[in-house]
Amino acid sequence: MEGSDSLSWLVWIPLLPLIACVFALLCRSGVAASLICIAGMAAAMVPALRAFNLSGELDAPMTFNFTWMTIAGKSIDFGFILDPLSGSMVAMVTFVGFLIFLYAAKYMEDDLRRGRFFAYLSLFATGMLGLVLSNSLLLLFMFWEIVGVASYLLISFWFHKPSAAAAGKKAFITTRIGDLGFLIAILWAFQSTGALLFYSNGEGLLEGAALETLQAESGFWGLTAAGVIALLLFVGAIGKSGQLPLHVWLPDAMEGPTPVSALIHAATMVAAGVFLVARTLPLFDGSPALDVVAWVGAATALFAAFAALGQYDLKRILAFSTVSQLGLMMVGIAVGGVAVGMFHLHSHAFFKALLFLGAGSIIHGCGDEQDIRKMGGVARMKLTTLVYLCGAVSLCAVPYTSGFFSKDEILAAAYHDRPGIFWTCAVVSLLTAMYVTRQCLYVFPGKHRGSGGEPHESPVQMTAPLFVLAAFALAFGYFAVDRGVFEYFGGYHAAEHPLIVVEVAWAVSLGGIALCCLIYAGKPYGGEIADPLSGILGKAYRVMENKFYFDEIYAATVCLLWQITALVVAILDAILAMFRELIVFAAQAISYIFHHFGDRALIDNWVFDGTCDSLKESGELATSPQGGFLSSYLRWVALGAVIFGAFAIGGCS
Amino acid sequence: MLAILTVVISYLGAFVVACTPPSRWREIRWVALITTILGLATAVCCATRRDAADGGFQDVLRYDWIPSIGASFHFGVDGISLPLILVTGIVAVCAVLTSWRMETRANEFYAYILALIGGVYGTFLSMDLFLLFVFYEIAIIPKYFIIAIWGSGRKGYAAMKLALYSFGGSALVLFGILAVYFASGLETFDMVRLMNEGDFSPEFQVVFFAVTFIGFAVLAGMWPFHTWAPTGHAAAPVAASMLLAGVVMKLGAYGCLRVAIGLFPWGAYYWAPTIAWLAVINIVYGALVALNQKDFKYVIGYSSVSHMGFVLLGLATLNLEGFDGAVLQMFSHGVLGAALFALVGGVIYVRTHTRKLDHFHRLIDRMPGVTWVFVVTGLASMGLPGFSGFIAELYALIGVWKAEHLGAPILLLAGLGILLAFGYVLVKTHEAFFRKSENTEENDPPTSYEPMTCAEKTACGILLGCSLVVGLYPDILTQWIEPSLEPILENIGKEVLRWTT
């Protein structure tokens, strides 16, 4: 464990985008603001790449800690950490972020509030980079919140759309529910060990005595304290990474102004939850918490993959796909350790960034149309189509693309210990290949079905970043494995890949694509506009159907499957929505009751005003004899005299 | 010696302002501003001169006042009162800046405001119980007039309600003070001596802790004695709402800590679980009721009730972390509560002339600058890391976790309160700034309002800046607070050990 001040330059990585953010806010010109932010990101890339290079040579994490504050004699330290986990993340975030910034400069060209948009993007980058570099649970939480705020601002950036404003609110509040778990975990860890640093010369939370203390202390339900804290942290991760049942905000977050912000939420921010689990994995070790992570991840992956099949919105399909892939990453971390999960996180970041930016380019080219039923014929946008397909094959995990290598690793790791998870993941992979193919079939071939003009290619400032990402989406996996990604992360590596794993991996990806093509081939699809092909091939179709029956069987089963899926998803969503509404309703009702009956009726009217009124009444009663009428006074005097006289007489006798 | 200047300056300023004819309101506001700035400068001087390692009273000044009963003019600053006089100074300056355009009877208005500020300083600086009570009363009277004369809505009702609640509370406090005086047999009102030498029986402590604590807690907005707060805040003119939320509520909390807990440690231990429950009720109940308000100022008023719950919760922990949290929350809510009221009751109200949430129609289009300042302030007040609210709540929650006499339900309810705070801040922000209103105003609303004036920007900047500084570097306050809490905690530890065995 080397603690050294020589690492203080790490601070620049999150600081540079922050400085850019401040300047961008002060800047009146949108162009200048975007240039400042791009420059800030490019500048941050330099120390980030240095950190990445350095991290490969480390035997143990390097840290740079300093005291932030003291509480009751205990000091709370903050610090930054350099290890493969943080080194690879900062390199990926700055690199992908830089490309996004470049792309956004063109995409947001016409928006009047471009300067503000870039300021938010930079703020987001600050939060994300700080988060991955944090060596303290509390510091990580603070950056985590900055990320949350930035995403709130970005999602509701086009607040004129009521749905966007509502989606921002929903995202913030939903992730906050998870954050409550995170906060309690921090308190618990601090109370039990007094340490919030992850690594600090043997005294950190994730090493030595503190970890043993937590593993020895007992928590709830037969779990150790470490296990409970791990689960609470996982609750935080569920919120941030859109896992079941807190995934509801993520598809809505597509209301963000651009695929750029959609990408940020899909490929970067949501990865924060996965990163948190990876970072604190020693707490999960040897505890049933890891099973929870695996099963929640697998269930999410399956659910979201089904949901993606039923969507018609280009960005929404990608959003559900992201939820599904995040589930796989969780599975990867749970079954295979940091290396497996993080490998998939990185390769996913590249191809999903590519897909989102590509989707942005498509939407841009189709005149802001997002419904795939109204697309078609997008293949005219040759460059975009080419790079989009690169991303798509990687997502499908077609052999030898990045997605294949990383997903294969998850499957192999799961196969050893948890066959249930393995088969779930296999089904997820099959469905993934299917929904990607379905989407591509809708979008690219055929004639354009939209109401606007023909799709037109996006400008080069938008396509250039896509090509860079496409190269990574295809080749990153191969090179990563070749250069020893697993040794780099120093984690577990499933040494042997049983033949069945490889066979399944091949079968599901290629099979999924083939299956989908088979179902769709020659079928009319897309919007209200009838496909002209069906008129020409109508009879031939029927003959083919009668001849083989395969199509029908597939169609029937898959259609049924889809209908059932849609129904299940709808019911699930309805139940979740009902719960949400129920909670909202209950909160409103309680709040109403407190307001009207508690405060207004009981405390104010009855207690306070009532007391005041009765005081007033008694005052009136007391003043009534003193009406100012001479006659009434005389009457009282006379009465008094009589009583007095009566007493006097009584006393005398 | 230095500290008492804050009180002297405020009353001098009040006197000068009161003697100036109201037609010269432009000069009057400058006098008020300079007075408050001098007060703040004095407080800052106290802070810079302070020896942080020594937790005792510094800058002490003592003259005999009524020797026959042992009352004296006895002033001093310790680490608990220092953050509070700082926040008083800050909020005072910003309150004057926010009501920069006040013309109606400006001389009286500023005279009352400065008298109120002087009373608050005096209360925080008093080391003598009798003196503390006198200043505590002095601070109440100007509030009545300010609300009754310059208020809005049901101002007469609100003013009377506030005065009655305050006086009701102070009656209990007076009762407690007299009981302490006679029971101790020391013939002194000196708080330090009473704390160290006053030897009160456990039964006495149990009864009179309750009496004094409730007396002070009324002013801190403790449930169910809280309803004066939203009504009073809403009816008051902006400067008064800022001072009410920012510092006057802290008077109550300060009294709870200094007098009730300081003098009756065993009583505090006995009642701590009850207080903790009342505190979480404050937090959750306040947040839920805030969610149901239609008047923007009432939302902020109830959020104050909710936030003050964290102060009470911190006090109920009876440990260093919790007390730290309580004092930090007093500071934090002081600046953030004042900032929220400045925005809602001042900046927004003078432009829209309404506070009804359903009359606001997409304010973001028409006052974008104000909107973003409000969003940041709202985020800060709901405990966003980086701002003071987060640190204060974190300390209080750590305190709760550590306190053996408080259970997990308290912690969970407080956590729920934090979540609800997110709910009402975001929901109400949405309603006020982003929502399309169904019932738009009768006459055409202007398409854009005047941007924030320089004075308003300065006020909001100062308040948010203070919150940010404390949020990023809490040691700046805790270095003073912690040493001064030690004697109180030692006393609690001693008494608890003594009466439990």
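Please keep in mind that the model is predicted. Chain B has 19 helices and two strands, and 33 of its residues are in contact with 32 residues of chain A.

**Chain B overall**

- Taken along the principal axes, the C-alpha atoms of chain B fill a box of roughly 70 × 55 × 40 Å.

**The hairpin of chain B**

- Strands β1 (residues 58-66) and β2 (residues 71-77) of chain B run antiparallel and are joined by six bridges.
- One of the residues to look at here is B:Y63, whose bridge partner in β2(B) is B:F73.
- The two strands, β1(B) and β2(B), form a hairpin with four residues between them.
- In the turn, B:G70 has a positive phi of about 85 degrees.

**Where chain B meets chain A**

- The contact involves 33 residues of chain B and 32 residues of chain A.
- On the side of chain B that touches chain A, at least two residues each come from α11 (265-291), α13 (320-352), α16 (388-402), α17 (408-434) and α19 (475-500) of chain B.
- The helix that gives the most to this side of chain B is α17(B), with seven residues.
- Sorted by class, the side of chain B that touches chain A has 19 nonpolar, seven polar and seven charged residues.

**Helices α1 and α2 of chain A**

- The axes of α1 (residues 12-26) and α2 (residues 30-55) of chain A come within 8 Å and cross at roughly 175 degrees.
- With an angle over 145 degrees, α1(A) and α2(A) are therefore roughly antiparallel to each other.
- From α1(A), the residues in this contact include A:W12, A:L16, A:P17 and A:F23, while those from α2(A) include A:I36, A:M41, A:P47 and A:A51.
- The contact of α1(A) with α2(A) has 18 nonpolar residues, one polar residue and no charged residues.

**Helices α16 and α19 of chain A**

- Helix α16 (residues 382-395) and helix α19 (residues 460-482) of chain A have axes that come within 9 Å and cross at roughly 30 degrees.
- That angle is under 35 degrees, and α16(A) and α19(A) are therefore roughly parallel to each other.
- The crossing of α16(A) past α19(A) is left-handed.
- In α16(A), A:L383, A:T384, A:V387, A:C390, A:G391 and A:S394 meet A:T463, A:L466, A:F467, A:A470, A:A473 and A:L474 of α19(A).
- By class, the residues of this contact between α16(A) and α19(A) are eight nonpolar, four polar and no charged.

**Helices α2 and α3 of chain B**

- In chain B, the axes of α2 (residues 25-49) and α3 (residues 81-98) come within 9 Å and cross at roughly 160 degrees.
- The pair α2(B) and α3(B) is therefore roughly antiparallel.
- As α2(B) passes α3(B), the crossing is left-handed.
- Among the residues that make the contact are B:R29, B:L33, B:T36 and B:L40 of α2(B), together with B:L82, B:I85, B:G89 and B:V93 of α3(B).
- The contact of α2(B) with α3(B) divides by class into 14 nonpolar, three polar and one charged.

Notes
Residues are numbered from 1 along each chain as its sequence is written. Chains are lettered from A and ligands numbered from 1 in the order in which they are written. This is a predicted model: local features need pLDDT of at least 70, side-chain atom pairs count only at pLDDT 80 or more; totals for chains, interfaces and linings use all residues. Two residues are in contact if their C-beta atoms, placed from the backbone, lie within 7 Å. Ala, Val, Leu, Ile, Met, Phe, Trp, Tyr, Cys and Pro count as nonpolar, Asp, Glu, Lys and Arg as charged, and the others, Gly among them, as polar. Axes are lines fitted to C-alpha atoms, for helices over the stretch in contact, and angles run from 0 to 180 degrees between N-to-C directions. Angles under 35 degrees count as roughly parallel, over 145 as roughly antiparallel, 65 to 115 as roughly perpendicular and the rest as oblique. A crossing is left-handed if the near helix is turned anticlockwise from the far one by less than a right angle, and right-handed if clockwise. Two strands pair if DSSP finds at least two bridges between them.
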